[in-house]
There are 2 protein chains.
Amino acid sequence: MTEKEEFCVADFIQTQKKIAPEMVKLLMDRYHILRLISYHQPIGRRSLSAFLQISERVIRKEVNILKDQNLIEIKAEGMNITESGYTSLEVLRSFIHILKNLNSIEEEVAQKLEIKKVIVVPGLYDEDEFILREIGKVASKYFKSILKDHMIVGVTGGTTISMVADEMIEEDLKHHMMIVPARGGLGKNAENQANHITAKIARKLNCPYELLHMPDNISKDLLESLSKDPNTKEVVDYIKQIHVLLFGIGRADKMAKRRGLSNEKIEELNKKCAVAEAFGYYFNLKGKIIEEVNSVGVSLQTYKNIKNPIGVAAGKEKALAIMPISKLNTNLTLIIDEGLAQEILK
Amino acid sequence: MTEKEEFCVADFIQTQKKIAPEMVKLLMDRYHILRLISYHQPIGRRSLSAFLQISERVIRKEVNILKDQNLIEIKAEGMNITESGYTSLEVLRSFIHILKNLNSIEEEVAQKLEIKKVIVVPGLYDEDEFILREIGKVASKYFKSILKDHMIVGVTGGTTISMVADEMIEEDLKHHMMIVPARGGLGKNAENQANHITAKIARKLNCPYELLHMPDNISKDLLESLSKDPNTKEVVDYIKQIHVLLFGIGRADKMAKRRGLSNEKIEELNKKCAVAEAFGYYFNLKGKIIEEVNSVGVSLQTYKNIKNPIGVAAGKEKALAIMPISKLNTNLTLIIDEGLAQEILK
DNA sequence: TCTATAGGGACTATTTAGGTCCCGAAAAAC
DNA sequence: GTTTTTCGGGACCTAAATAGTCCCTATAGA
């Protein structure tokens, strides 16, 4: 969809919003119902009602309409979304985007943070954890759209980026790319390791990939000796040439905990007003480096030169962390949920 | 709006139709109300209710919503449409077009008649005479869109084409065109004369024009002597070079009456199954010429060579007349109302 | 000045939407 | 194989929104 087309569709939707304002709520409600069914299928009336805080009777009415339109199937074991329902959901996503005027919010955020592009996903992650899946869908779509031949792609870890990988639709792009983890191992959850995500994305896009077999948090001596390992060296060389970096944005406090820093260290970071963590650096609100951890991953200098950094984040609590990160590289594309976008604009 | 864009908008509308089917009636009703207000303003609740066959109470509710959206203004003397209302109406027109799937009907009609292009205007002229104004709007827009520099444009008479001229929006196209009447005087209504319409369109588009000072129906002797008149000759020469012809389509019987033919002649035409009249010729269903009237206007041969003939017609009764006319020149663009389109497809 | 038509208020009848409970069937758990 | 849970759907009643009706006052045009 080009910009101009979207504008034209926007005209239609704005006019409709004027002449039939009731429709907004109607569409949103049904969208939410359909979306939830697609996530939890097969699901029953009562569970839906509990999730959405809409009375069972109303759910029943709405669901019957969706059934009449062949968007869902109702069986004894619950409701399932149909093929037609899936495609409608896809279209509705853009619909809601325009309906909520998220385009202008995107522009505002981009302007405030002085970065290239912002994509806002409708919904509040803080109130609905499933928004993370939406973000994953949108981010993976955008990520795939900017991939080109012979690109070197880096990915970090974290639940958010893990979701991006999960929601990525398999597709053989036929590009000669290389996907590498942008940082070492961190924390205990195997699913959210950069290595694991790297492999998952590479499998979905049918791409070659390399893994980084070392912890993220590492002593200087060990870092040097490991760097002599030819395999590690290869990956580190790739990292230095990354064209596209898909990364999650972390709060300083939470990352410090996950890294297992000592309580004194955490206290110190707090005192110095560290709000964000990225690539082994801790930043204060103004983007100043407060603490630096030895890391084999992307260095600050490398990051600053990346052509296409894609930051993904969900939840209001990330607002402060985003501020300094966006100061590092103006090429940044940020993919966030609506709640976070509102928080940033405050 | 390009084809591709329309397709995209159509996607949105079809999806919306699925997920919120109630919206169709809602939009249509409000569109009709808004349209009627724009035609009759200032108009009151009760008159609107009588026109639309909707109870006064319902009109009142709908009208209040339109007022809340600033689409209309309500004063003591009646309701008036606002600027915002006008632009919404414009967008809604295309909206309804897609909603009713008129694109596919247009294609069907074009295929059946084997002509270049068909534009179907939503609504039934036979049930709502104001549809003629809609047709006028659409036809004048299309007419203007194909005009180019140095074109010679011909226009015929009739109520339909007169409406096209009325609804044409003034605009100085800066083209060096020449507008001429495509036929002589006919009948008694001054407003509907080709001359009058020619002058009106020329004034709206700020173009030079010529008039044809002679009756359409003329004896051979008189035709020859008048043709020697230098002014007449000039116009006749223009007519032979017409690039764009804007013409109405007439039923044989009605045109015969308007021409003032004798009852015997009319009877004769009836016997020979004349259904259509154009440029002084009477045709049967198969496109065969049944009767030829001496005429200074566009000859059959001239018509067949016109690059851009635009035929405009409203009402089911024109269906049979359209058949033979469309056989004469495959470049024909036909602009008709929905009811007539349905009739043609029967 | 009179009359026709305007919008708006108010009350009532009617329809529709929503809350609640129950039932039999079918999975799921045991 | 049996029990338990969860499913959709039917039934019924109340609350609420919607629509019908009538009346009033203001205003524009004859």
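The lining of the second largest cavity comprises 8 nonpolar and 2 polar residues, with no charged residue among them. The model is a predicted one, and the points below should be read with that in mind.

- The residues that line the second largest cavity come from chains A and B, namely Val9(A), Phe12(A), Ile13(A), Gln16(A) and Phe95(A) together with Val9(B), Phe12(B), Ile13(B), Gln16(B) and Phe95(B).
- Two or more of these lining residues are given by α1 (3-19) of chain A, and two or more likewise by α1 (3-19) of chain B.
- The space in the second largest cavity amounts to about 40 Å³.

**The largest cavity**

- Across the whole structure the search finds 4 cavities of 30 Å³ or more, and the largest cavity holds about 50 Å³ of space.
- Its lining is made up of Tyr31(A), His32(A), Arg35(A), Ile96(A), Lys100(A), Pro122(A), Gly123(A), Ile131(A) and Glu134(A), which divide by class into 4 nonpolar, 2 polar and 3 charged residues.
- At least two residues of the lining of the largest cavity are supplied by each of α2 (22-40) and α7 (131-146) of chain A, and the largest share, 3 residues, comes from α2(A).
- Why does the largest cavity lie between domain 1 (3-99) and domain 2 (102-345) of chain A? Both of these domains give residues to the lining of the largest cavity, and it therefore lies between them.

- Among the atoms of DNA strand D that come within 4 Å of the protein, sugar and phosphate account for 49%.
- Two side chains have contacts with bases of DNA strand D: a polar side-chain atom of Arg60(A) lies 2.3 Å from a base nitrogen, and a polar side-chain atom of Arg57(B) lies 3.3 Å from a base oxygen.
- A contact with the phosphate of DNA strand D is made by Lys61(B), with a polar side-chain atom 3.2 Å from a phosphate oxygen.
- The elements that give two or more residues to the surface near DNA strand D are α3 (45-52), β1 (72-75) and β2 (78-81) of chain A, along with α4 (56-68) of chain B.
- By class, the residues of the surface near DNA strand D are 6 nonpolar, 4 polar and 9 charged.

- Sugar or phosphate makes up 50% of the atoms of DNA strand C within 4 Å of the protein, while the rest belong to bases.
- At least two residues of the surface near DNA strand C are supplied by each of α4 (56-68) of chain A and α3 (45-52), β1 (72-75) and β2 (78-81) of chain B.
- The surface near DNA strand C has 6 nonpolar, 4 polar and 9 charged residues.

**An aromatic pair in chain B**

- Over all chains, the structure holds 12 aromatic pairs.
- One of them is the tilted pair of Phe247(B) and Phe279(B), at 5.7 Å centre to centre and with 50° between the planes.
- Phe247(B) lies in strand β6 (residues 244-248) of chain B, and Phe279(B) lies in the loop between β8 (274-278) and β9 (281-284) of chain B, so the pair ties together parts that are 32 residues apart in sequence.

**Details of the backbone**

- In chain A, the peptide bond from Gln41(A) to Pro42(A) is cis, with omega near -5°, and Pro42(A) is found in the loop between α2 and α3 of chain A.
- In chain B, the peptide bond from Gln41(B) to Pro42(B) is cis, with omega near -5°, and Pro42(B) is found in the loop between α2 (22-40) and α3 of chain B.
- Glu114(A), although not a glycine, has a positive phi of about 55°, and Glu114(A) is located in the loop between α6 (102-113) and β3 (117-121) of chain A.

How values were computed:
Residues are numbered from 1 along each chain as its sequence is written. Chains are lettered from A and ligands numbered from 1 in the order in which they are written. This is a predicted model: local features need pLDDT of at least 70, side-chain atom pairs count only at pLDDT 80 or more; totals for chains, interfaces and linings use all residues. Side-chain values use heavy atoms; hydrogens and water are left out. A residue is near a molecule or strand if one of its heavy atoms lies within 4 Å of it. A polar contact is a pair of N or O atoms within 3.5 Å; within protein, one must be able to donate a hydrogen and the other to accept it, and residues adjacent in sequence count only if both atoms are side-chain atoms. Helices (H or I, at least four residues) and strands (E, at least two) are DSSP runs, numbered from the N terminus. Ala, Val, Leu, Ile, Met, Phe, Trp, Tyr, Cys and Pro count as nonpolar, Asp, Glu, Lys and Arg as charged, and the others, Gly among them, as polar. On a 1 Å grid over the protein atoms alone, a cavity is a set of points where a 1.4 Å probe fits but cannot get out, and a pocket is an open set with protein on both sides within 12 Å along at least five of seven lines; lining residues have an atom within 4 Å of a point. Grid points are joined across faces, edges and corners, and a volume is the space filled by probe spheres set on the points. Domain bounds come from an automatic or database domain assignment. Rings of Phe, Tyr and Trp (its six-membered ring) pair if their centres lie within 6.5 Å; planes under 30 degrees apart count as stacked, over 60 as edge-to-face and the rest as tilted.
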